[in-house]
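We'll take a short walk through one of the chains and then look at how it meets its partners.

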Amino acid sequence: MSFNCLKSLLLTLNLFSKSIFLTLFLVSFSAIALAETTLVAVAANFGQPMAEISGAFKKATGHSAKLSLGSSGKFVAQFESGAPFEVFLSADNEKPLKLEHAGLTVPGSRFTYAVGKLALWSATAGLVDGQGQILDKGGFKHLALADPKLAPYGAAAIEVMKNKGLLKKLQPLFVEGENIAQTHQFVRTGNAELGFLALSQIIDNGKIITGSGWIVPENLHSPILQDAVLLKTGEKNPAASALLQFLKSPEALAIIEKYGYGLPKSK
Amino acid sequence: MTRIEARFQLDYGGFKLDVDLQLPSAGITVLFGPSGCGKTTLLRCIAGLQCPPEGFLKINGSIWQNSEDGVFLPPHKRPLGYVFQEANLFPHLSVQENLHYGLKRIKQNPEPVNLEQTVELLGIGHLMGRMPERLSGGERQRVAIARALALNPDILLMDEPLAALDFKRKQEILPFLSRLHQHRAIPVLYVTHAQQEMAQLADYLVIMADGREIASGLPADTLTRLELPLAQDREAATVWPVTIVEHEADYHLTRVAFAGGTLSLPIINAAVGTPLRVQIYARDVSIALESPAATSILNVLPATITGIADDHRGQSVVKLQAGTQPLLAHITQKSARLLDLQVGMPVYVQIKGTSILN
Amino acid sequence: MLTPADIETLLLTFKVASLATALMLLLGTPLAWWLARTRSGWKGIINAVVALPLVLPPTVLGFYLLVLMGPAGAVGKITTWLGLGSLPFTFAGLVIASVLYSMPFVVQPLQASFTSIGAQPLEAAATLRAGPLDTFFSIVVPLAKPGFMTGAILGFAHTVGEFGVVLMVGGNIPDKTRVVSVQIYNHVEALEYSEAHWLAGCLLVFSFSVLLVLYTVLKTQPVAHPLK
């Protein structure tokens, strides 16, 4: 081996090591630059699955999502007053649309992330049968549902009763929760014998935990679409758009399904 | 004479009351003693405002409390009148309504004359429409006295009714109180720590200290008891009941009689036969072994020494008896030695000054 | 403008508040009297319990009431046994919840004015042949009038404004438990801001007038003097 050979080898090695350092430097720099945090407004009914999803999101992307749970209606009022949220996971599809019309969202960012499943449930075992015939038979004093004006689950419950021709008969027995969580309390504490709830509230690992329930077939009401949207405030935050992207990932969809939601029909 | 029997025992940690009293059921009985001696508590026990665990109270033959039998008449069922230190009028009621408050609640038909008399006696007729906040302190207290008297109670309890008033207001009310027992046969229990009030009002005297009765009896006797600190006091005095017998208008003098003699006093504007009280301070009394032949002092009386007590300041307190009335003299111990005063000695007392209490 | 449904909630609210105020005066007066006069060791505990609703979030109180008055709760079992059924979602339940929630606003002014009367007038009345009940009505009630007025006004106004408890135990039933504060909330939630403004405006005017009366008119009334 000539001296020249040796010299060129050393040169190559030198270049190589330099490039490694450069790469490492770039990688580490980009990692720092990419680890952003996004502030997310989440409809209260989607709190639990979202907490799990945000954990997975952090693992997968390094970004983190800070979650605020609340009622969708209140969130809308807060966005309009300049609240710093960047992503909005609504309990319905109307409010994100309304925000879009108001120009508060990033155009084209709105999509359905989950489809709510409605269930008729009672804390008493054996009260609610598998076909929901109890609605017809009666024998209860209170039927709980979320305020249909405010909550899509409430509106869906009304549709179910309408379709079964039972609305007039059952209306006097209504007790309305301000949201679906409160409706759950009414039924859970036994103050209302049964009520229309979100399946996600009474399910654990794909099974109804206690009491008795009837998962309402989807053909009895229009789909309860829960839409997500990127707000203008989050336009420049890579974590915000990454989170919306992650919601469509198979990993996130699995979590969503596990908590008793249906999946959006792929377009 | 029916008597008032009152036995109470209570113990509030620092404060104890332990009394067993037999009191006359007529005239004014003064409960006299320093602040905190338990006289107000005693009065409250008699009224039933306080319920001592051990107590017996019998007034004019009826039992108001007997802890042994579990008898305790609540205050509103006791036929008494109570005058508080502060008038305690109901602020939302006019004078008239205050006066009628108790009357309306008496079971038997009240005599309307009673209220009219009382109002007249206390001179409050012109105040009837006023609210309590628009009355002077003295007026308020007169209304309070009238309010209690109007019920024609079996006993009237008065808790330092003049203590909150200034001298002028006191003078405004004291004559009413003196006249009270001349008009009514209601026995009065009167609590005070003011010697002047006590001397002026007491028909019977109970002296209290540390929650106990230390002496009781007629004022002239009780005030002259040598073993009591009262006799040593600079203000030591005796009180004699007297009656006007004659006016010496030329000399501006009035002669009054006591049990065993007469006294000359500065002229008194009252009819012959009027009963009065004369207060004689021990410091105004001097002693001579023989009747002084020539002296400017008018009131010289023969008397007998019934006791002598020396104090630590060079003073002797000599107790004497003139006629049947006891009397105190404060003299120096040196004089007592020089005159060789002994118990049982007949002497002459010269009274330099007296004060009329009515 | 106010819709007929809004007016219905207003009327219902005043009905609840009037009934609750009457009940609070009825129950609060003996309670305040006891608290003002007692030397019992229980006084501190009872005082604290009465004042609890002042510091507890209304939803917490509401949640406990929901649980307690529910069919499985202690109170619910008693009411069911009495044949009254369970109380949540009923007008009666709402009134009872309001009474518990607004009680300190009635008891505290009453207690303060009873305390300021002191023992003296009571003793004076006793020595003038008035029994305890007689004394209470002839002396205490007139002297504590400002306390009664303040308690009644505050209790009423606070019941009108209550929200969290109703939300928890009401069930939003028209004509039974849908009161004005819940209606305002629902308007806001449904993004019906103009309706919300109208109702909220009514409530604002009402509350302000009440407080104005409390701080101006009542202040000029003779206040119970300590006896002279």
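This is a predicted model: local features need pLDDT of at least 70, side-chain atom pairs count only at pLDDT 80 or more; totals for chains, interfaces and linings use all residues.

Start with the record. UniProt, in an unreviewed entry, puts the feature "transmembrane region" at residues 12–33, 45–69, 81–101 and 198–218 of chain C. How does the model look there? Over residues 12–33 of chain C, the chain is 100% helix and 0% strand, with the end C-alpha atoms 31 Å apart. Residues 45–69 of chain C come out at 92% helix and 0% strand, and their end C-alpha atoms sit 23 Å apart.

Next, the neighbours. On the chain B side, the contact involves 16 residues from chain C and 23 from chain B. Helices α6 (120–127) and α7 (132–143) of chain C each bring at least two residues to it, and α6(C) gives the most, with 6 residues. Sorted by class, this side of chain C has 9 nonpolar, 4 polar and 3 charged residues.

Turn to chain A, where 17 residues of chain C touch 18 residues of chain A. Here α3 (58–69) and α10 (180–189) of chain C each supply at least two residues, with the largest share, 3 residues, coming from α10(C). By class, this side of chain C has 11 nonpolar, 5 polar and 1 charged residues.

Terms used
Residues are numbered from 1 along each chain as its sequence is written. Chains are lettered from A and ligands numbered from 1 in the order in which they are written. Two residues are in contact if their C-beta atoms, placed from the backbone, lie within 7 Å. Helices (H or I, at least four residues) and strands (E, at least two) are DSSP runs, numbered from the N terminus. Ala, Val, Leu, Ile, Met, Phe, Trp, Tyr, Cys and Pro count as nonpolar, Asp, Glu, Lys and Arg as charged, and the others, Gly among them, as polar. UniProt positions are given in the numbering used here, feature names are shortened, and annotations may be inferred rather than shown by experiment.
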